[in-house]
Amino acid sequence: MSIETVLPPAPTIEATTDVEGVVAALRAGFESGLTRDLAWREQQLAALERMMVENETAIAGALKADLGKSLAEACTAEIDFVRKEAMHARKQLRRWSRPQRVPTPIAIQPGKSFVEATPHGVVLIMGAWNYPFQLVLAPLVGAIAAGNCAVLKPSELAPRSSALLKDLAPRYLDTRAFVVVEGDAAVSTALLDQPFNLIFYTGGEHVGRVVMAAAAKRLTPVVLELGGKNPCIVDETADLAVAARRIVWGRFLNAGQVCVAPDHVYVAASVEARLLEELKRAVLAMFGRDPKLSPDYGRIVNQRHAERLQALLADGRAVTGGQVDIAARYIAPTILTGVAPDASVMEAEIFGPILPVLPYETLDAPLAAINARSPALALYAFTRDAVVADRIIASTRSGSVTVNDTVVFVANPNLPFGGVGASGMGAYHGRYSFDAFSHKRAVLKRGFALDASIRYPPYSKAKLALLRRMA
Ligand code: NAD
């Protein structure tokens, strides 16, 4: 039975919210000083953790309906991910928010200097549909920890998840500080017109530009978590069986709708045939002979995207996969060979379960191809040769680089998560989320003693010489 036949139709989201009123109310909440209290922040983070734990079944159900997301993926990449981020921030936030004492130069002694993390104020968090809970709530962890109020705008393309978030948030979080606003691009546009103190956007590059242009009108700072075409290199020294499993897992997770998924593979020509065999074997082992029946294989978010992906299948020969059922939003996990470097599947981010594999003779070729594009969000290299790994790292740019694995770097809260160039700006996760939502305020405290006249005009030659020595 397809997912569509067992679930009620997706709710329509009505754009009736008074966004101006919502933002004004949150501004009043922020100005009341409510969010300055560290105990309040800890309590909000604990409530968020509880929200994830107590509503696991409902969250997993919404994700199944929106994306055919498996229970394993719902638990690890959404529910547990948010819960762990919130718990980590709750435990660390007193340490993170402690003003940091820094040295004071002799010229401005006596004095004490500090860097103080202060909240931006009222922030807007806009998420994409592929991880509808994680992409709104993981940034929210940073917003809470750093003492901000926030409007949460989940994606309208994952409507059950959006509706559930709207229902759950006020039951756990302080409504004076956090509000979920549902809606489509018209609502997003209205929100972008409001006087936020920071906009945190996750989604495609095109809307990223819209967000940044809107923010520019008010000089609002932005964090942009965008996409990209993440390359993966497999050289002749790699363990091909392990590489294939890790690539297949990373590419077909969430039916390929993952911003850090390996988008295409450059493989040393001498091992191409063996890698293709291992990739096929890994797909079979993970999803069976008919992946449509696998409870662990997802669906495309909507028919429009399924049709977009279907068109890309013509760009190569499917060594495995290739089956499509548009009505069921199903595209089989597909490995493509014989893909021309200028084929349309090699133009934009695929963002679906299709993996082109392109052979190379020398490493210079994939490095040149990678550097001809704007930097990706993630870059992957499979090799046993440390010199090759270091060469790939040193001669490319990307938001992240992983040697001998895919995607899992996201689970390390000690690593920043974010893009560079067209894949985004700013980073979050763990401590980086706190920093993303904080303004680092310079604080200098002095007394009235030792008001040396040397700093004040009129300046003589001798005074100036002394001043310059002290500076
Ligand atoms: P989307 O369509 O859900 O849009 C994201 C947000 O933008 C939504 O809240 C939506 O309401 C809003 N929006 C859409 N059109 C708008 C418009 N015209 N004006 C103002 N706001 C508008 O998501 P998407 O863009 O399809 O997301 C997929 C992309 O996101 C992929 O490129 C993917 O790589 C990227 N992504 C990046 C990350 C990351 O962390 N870097 C994570 C997930 C997805």
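**Reading loops and a helix face**

Trainee: Pro110 sits in the loop between β1 (100-102) and β2 (112-119). What kind of peptide bond joins Gln109 and Pro110?

Mentor: Some ground rules. Helices (H or I, at least four residues) and strands (E, at least two) are DSSP runs, numbered from the N terminus. The model is predicted: local features need pLDDT of at least 70, side-chain atom pairs count only at pLDDT 80 or more, and totals for chains, interfaces and linings use all residues. Residues are numbered from 1 along each chain as its sequence is written, and side-chain values use heavy atoms, without hydrogens and water.

Now the bond. Most peptide bonds are trans, and most residues other than glycine have a negative phi. The bond joining Gln109 and Pro110 is cis, with omega about -10°.

Trainee: What is omega for the peptide bond from Pro457 to Pro458?

Mentor: Near 0°, and that bond is cis. Pro458 belongs to the loop between β18 (438-445) and α16.

Trainee: On to phi. What is the phi of Val407?

Mentor: About 65°, which is positive although Val407 is not a glycine. Look for Val407 in the loop between β16 (398-403) and β17 (424-425).

Trainee: Is Val407 buried or exposed?

Mentor: Buried means under 20% relative accessible area, exposed over 50%, partly exposed in between (1.4 Å probe, protein chains only). Val407 has 9%, so it is buried.

Trainee: And what is phi of His429?

Mentor: Near 90°, a positive value in a residue other than glycine. His429 is in the loop between β17 and α15 (431-436). Its relative accessibility is 1%, so His429 counts as buried.

Trainee: Now a helix. Which residues of helix α8 are buried?

Mentor: α8 spans residues 185-192, and its buried residues are Val187, Ser188, Leu191 and Leu192. Down the axis of α8, these fall within an arc of 140°, so they line one face of the helix. The arc is taken over the directions from the helix axis to the C-beta atoms.

Trainee: Which exposed residues does the face of α8 turned away from its buried side carry?

Mentor: Ala186 and Thr189.

Trainee: What covers the buried residues of α8?

Mentor: The cover includes the helices α2 (19-31) and α9 (205-218). It also includes the strands β3 (122-126), β4 (149-153) and β6 (198-202). Contact here means heavy atoms within 4.5 Å.

Trainee: Which atom does a side-chain oxygen of Asp184 reach at the start of α8?

Mentor: The backbone nitrogen of Ala186, to within 3.0 Å.

Technical notes: A polar contact is a pair of N or O atoms within 3.5 Å; within protein, one must be able to donate a hydrogen and the other to accept it, and residues adjacent in sequence count only if both atoms are side-chain atoms.
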